Amino acid sequence: MLVYYLWKEGLLRRVDREKVLFFLGIGGGPMSLSRRWPLATSFNWPKAILWPPYARSLARWLGYRIALYNGNSG
């Protein structure tokens, strides 16, 4: 369900290597907060995969985070 809503929101087009590494906590410098608590640990994965309302809200939240990362909002 999560991949469907990410695709529907258009987030899969805006993702690049740097954002994926930041999401997983691999990228960034030594002062990056994502190395300690990556965004990937912020939500319940089984619930995101199986429950549509949670996946929809998570896709919106990830869209907001991508906009913050790009400097488009905040």
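What follows looks at a helix and its packing, then at a set of aromatic rings.

This is a predicted model, in which local features need pLDDT of at least 70, side-chain atom pairs count only at pLDDT 80 or more, and totals for chains, interfaces and linings use all residues. Residues are numbered from 1 along each chain as its sequence is written, and side-chain values use heavy atoms, leaving out hydrogens and water.

Start with helix H5, which covers residues 52-70; helices here are DSSP runs (H or I, at least four residues), numbered from the N terminus. H5 has 19 residues and reaches 27 Å from its first C-alpha to its last, close to the 27 Å expected at 1.5 Å a residue (the expected span is 1.5 Å times one less than the number of residues). Gly71 follows H5, with a positive phi near 85 degrees.

Which residues of H5 are buried? They are Tyr54, Ala55, Leu58, Ala59, Leu62, Gly63, Ile66 and Ala67, where buried means under 20% relative accessible area, exposed over 50% and partly exposed in between (1.4 Å probe, protein chains only). The buried residues of H5 pack against helices H1 (2-9), H2 (11-14), H3 (17-24) and H4 (45-50).

Now for the rings. The structure holds 5 aromatic pairs, counting rings of Phe, Tyr and Trp (its six-membered ring) whose centres lie within 6.5 Å; planes under 30 degrees apart are stacked, over 60 edge-to-face and the rest tilted. The Tyr4 and Trp7 rings have centres 6.2 Å apart and planes at 45 degrees, so this pair is tilted. Both residues lie in helix H1, 3 residues apart, about one turn of the helix. Tyr4 is partly exposed at 40% relative accessible area, whereas Trp7 is exposed at 58%. Tyr4, Tyr5 and Trp7 form one aromatic cluster.

Technical notes. Helix = DSSP H or I, 4+ residues; strand = E, 2+ residues; numbered from the N terminus. Contact = heavy atoms within 4.5 Å.
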